[in-house]
Amino acid sequence: MEDRSGATRKLMSGNEACAEGAIAGGCRFFFGYPITPQNAIPEYMAEHLPEVGGVYVQAESEVAATYMMLGAAAAGTIPMTSSSSPGISLMQEGLSYMLGCELPCVVVNMVRGGPGLGNIAPSQSDYWLATRGAGHGDGRCLTFAPYSVQELHDWSAEAFQVAARYRLPVMILGDAVLAQMMEPVRLRPRGEAMSLDREWAVGGGLKGRERRIVNSLWVVPEVMEQVNLRMKARFDQAEAEMVRFEEVGDEEPEMLVVAYGSMARVAETAIGWAADEGIRARLLRPISLVPFPYAAIRVWAERVRLVLVLELSLGQMVEDVRLAVEGRCPVEFYGRAGGPLITPEDTLSVILSMAGVRRML
Amino acid sequence: MLDDLDLTEYEPVYTRPESFTDTIMRYCPGCTHGLAHRLVAEVLDELGVRERTVCIASVGCSVYTYEYFNCDCVQAAHGRAPAVATGVKRVRPDSVVFTYQGDGDLASIGLAEVVHAAARAENITVIFVNNAVFGMTQGQMAPTTLPGQVTTTTPRGRSREEGGYTLRVCELLSQVEGVAYLARRVLTSPGRVRAAKNALRLAFEAQLEGAGFSLVELLSACPTWWHMTWREAFDWIDQTMTRYFPPGEFVNWRGCGQAKE
Ligand SMILES: Cc1ncc(C[n+]2csc(CCOP(=O)(O)OP(=O)(O)O)c2C)c(N)n1
Ligand code: SF4
């Protein structure tokens, strides 16, 4: 279906929208391994990548998928994989090697309940893994957390440009709800394949150029330090340019609510209801988790009586919020772990009780 | 004295292959990693594919492979070279892609990657150097360690109870459809070296013809961790190792399994 601007609109699941977004963003090489709740992504890629001359490979494990990405990225493309929590754990080693080799890629994590085999319910318990992870060593992924099917589509497409610009792994952090719920999506047109022509990429023949080595082994500490500093410089640049967040709610709030992804979706409804109860609350929704919107949260921390962090975990992002607030006001937390969703009703009662407690102080 | 020699009077009969860089190798005296490298380099020269070759180095004593081969190179994590090779080859199908892996790398931590690359019939070539120990980490048991062999982690000799049984990679892979060429060779005499080089050439030809996955296993000496002189090590390969790992051609896409050594 076409909307008034001529763009195609389609009812899609988050997984499908994410996969189509990647193709629109120029993805042509996808390496996957099935795990619920993200199976529709590799399935979509297997079905549709050949339409644009792309390649889907089903790897024997998430470990192998990550190293297939490493090889593909070394050959100049921006490769993609997707998985869910246990698979992302297995990818950590490869992400570390990709950081060491200074190679970009796009990884989607549709988080499920854990630890261990856990379940296939929605969770945000991989925040630490997504923001501090990327295996051993001093590197991190750039991490973005969409909160709607449309945003999944858009960020999946954007991720390829971001990965290429900063030469870093980019992670899209979703969850089992975002992955499987269906919403109308304004589809981006399918873009050209990303160029393989990068001054460090192997393959394509020497043709008058020097041979190239893609490597993460640097036995001289000072040389290894330089690799780290180069990576840090690109990371710092991303930190300066890529902070993304959205705010809704009261202009003069007494309470700032911080939540991302599915939880932010629920919180948005709840702070609307809270307003009807006379509570002046504002939602700040980080979209970029790395880089994190520390500065924006700090500004509000000067003005509100309380910051409330809501997560589908027992408290992971709350640590970043505390780093942002730096004691300027109290930071409270509410969360549930292991898969149960927090309803708008639950959220409202948490907001009301927090507001009541603070008012009594 | 050598400096005074007028080399123009001589015709070179043995030179450094173009596919080799002018670098001093880091291998122990008597180690056959260097010889294995040289044979690969000669084959790349003779096939005229150096400029479009991508070498995937692995983790083990041959970790610096990327310094020795004069072509594009990618360094892989321990065991993952066939997955990295898959990624490179899928993006650049015109490249000639080979991995160079030890037996710890390929048969222990990386067994899944090599078996599945073979099953997918990836058009890549694997050079598999089997010295029956983990060389780089100082002589521990490998999956390929022989029954009774003493290593630093099988101090009483490998047994069913301590370390279990020996893995034979060629025999295992010979069951896998998708393998176009598969051979095991030794490097202990000039004739055997020639046979090894021939196998390497066939392996790369399989890739160039798009026939599928190819692998050459080379039984290799590790005098250092076998605690032997090179002579003893070569004898041990000929008399003991080959009994467990018989040389031969297991798969040949041009006609299966002829030309046993
Ligand atoms: C994930 C990981 N585990 C362990 C190691 C340590 N390690 C380095 S080389 C090696 C074994 C190499 O043995 P082999 O592949 O037989 O090669 P060789 O040194 O004998 O040529 C090990 C275990 C590592 N580098 N990475
Ligand atoms: S330790 Fe063994 S395999 Fe490693 S270089 Fe020395 S002889 Fe060769």
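Analyst: A residue is near a molecule if one of its heavy atoms lies within 4 Å of it. This is a predicted model: local features need pLDDT of at least 70, side-chain atom pairs count only at pLDDT 80 or more, and totals for chains, interfaces and linings use all residues. Residues are numbered from 1 along each chain as written, chains are lettered from A and ligands numbered from 1 in written order, and side-chain values use heavy atoms, without hydrogens and water.

User: Which residues come nearest to ligand 1?
Analyst: Ligand 1 lies between chains A and B. There are 17 residues around ligand 1. Those that come nearest are Cys61(B), Asp103(B), Gly104(B), Asp105(B) and Gly135(B).

User: How far is an oxygen atom of ligand 1 from a polar backbone atom of Gly135(B)?
Analyst: A polar contact is a pair of N or O atoms within 3.5 Å; within protein, one must be able to donate a hydrogen and the other to accept it, and residues adjacent in sequence count only if both atoms are side-chain atoms. A backbone N or O atom of Cys61(B) is 2.8 Å from a ligand 1 oxygen. A polar backbone atom of Met136(B) is also 2.8 Å from an oxygen atom of ligand 1. For Gly135(B), the distance is 2.7 Å.

User: Which element gives the most to the shell around ligand 1?
Analyst: Helices (H or I, at least four residues) and strands (E, at least two) are DSSP runs, numbered from the N terminus. In chain B, α4 (103-109) and β5 (133-134) each supply at least two shell residues. The top contributor, with 4 residues, is α4(B).

User: How many residues of the shell around ligand 2 are nonpolar?
Analyst: Ala, Val, Leu, Ile, Met, Phe, Trp, Tyr, Cys and Pro count as nonpolar, Asp, Glu, Lys and Arg as charged, and the others, Gly among them, as polar. Residues surrounding ligand 2 include Tyr27(B), Cys28(B), His33(B) and Trp225(B). The shell has 3 polar residues and no charged ones; the nonpolar count is 7.

User: Is His33(B) buried or exposed?
Analyst: His33(B) sits in helix α1 (residues 33-47) of chain B. Its side chain makes a polar contact of 2.8 Å with that of Tyr100(B). Buried means under 20% relative accessible area, exposed over 50%, partly exposed in between (1.4 Å probe, protein chains only). His33(B) has 4% relative accessibility, so it counts as buried.

User: Why does Pro147(B) count as partly exposed?
Analyst: Pro147(B) is in the loop between β6 (140-141) and α6 (169-173) of chain B. Leaving out residues up to four places away in sequence, Pro147(B) touches Arg158(B), Thr166(B) and Tyr244(B), where contact means heavy atoms within 4.5 Å. Pro147(B) counts as partly exposed because its relative accessibility is 46%.

User: How many residues of helix α1 of chain A are buried?
Analyst: This helix covers residues 14-24. Its buried residues include Cys18(A), Glu20(A) and Ile23(A). Just after α1(A), Gly26(A) has a positive phi of about 110°.

User: What area do chain B and chain A bury between them?
Analyst: The contact takes 33 residues from chain B and 36 from chain A. Buried area is the accessible area (1.4 Å probe) that two parts lose on being put together, summed over both. Carbon and sulfur atoms carry 62% of a total of about 2,600 Å².
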